[in-house]
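Please open the model in your viewer and keep the selection tool at hand. The tour below moves from one selection to the next.

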Amino acid sequence: MAAIVDAHPIKEYNLCLLGCEGVGKTSIAKRLCGTKFSRSKAYVKSTEDAPTRYSVEVATSCGLVLLHLHDWAWEEKKKEQNINQELMRGKDGAVFVYDVTNRRTKQDFAEFSDWYHRASGFGKPWIIVGN
């Protein structure tokens, strides 16, 4: 009896979650991974030197896609000169998150875009998510 071989292997992508402090990067990542969304006003600042990684499987017509979301405290990291290339090393793209109730966080996109292209080189995809 021959084994059935999956015609669509799992594809993996590493994405950075970037945006201003308090916009909901962690909340979005947790929600995508099945954790209940918290409406609590209690905000807990990410202070890790390394990113928190969340992984989620997405079923597509081409098979399963495994997304690894790396939650960086970008607000602090963007000020450090040597972190730019390290931050984007091995990443396939980025998700820029802004707070729909705070206009400043969306206006920071121009600065993010400039930083992202310098850090990752041109050609890597990104999306904008309003939370």
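Buried means under 20% relative accessible area, exposed means over 50%, and partly exposed lies in between, with a 1.4 Å probe and protein chains only. This is a predicted model, in which local features need pLDDT of at least 70 and side-chain atom pairs count only at pLDDT 80 or more, while totals for chains, interfaces and linings use all residues. Residues are numbered from 1 along each chain as its sequence is written, and side-chain values use heavy atoms, with hydrogens and water left out.

Begin with phenylalanine 96, which counts as buried because its relative accessibility is 0%. Phenylalanine 96 belongs to strand β4 and phenylalanine 109 to helix α5, 13 residues apart (helices, H or I of at least four residues, and strands, E of at least two, are DSSP runs numbered from the N terminus).

Then select tryptophan 126, whose ring centre is 5.1 Å from that of phenylalanine 109, with the planes at 55°, so this pair is tilted. Tryptophan 126 lies in strand β5 and is partly exposed, at a relative accessible area of 33%.

Finally, show the open sheet of five strands, ordered β2-β3-β1-β4-β5 with mixed pairing (two strands pair if DSSP finds at least two bridges between them).

Methods
Phe/Tyr/Trp six-rings, centres within 6.5 Å; stacked < 30°, edge-to-face > 60°.
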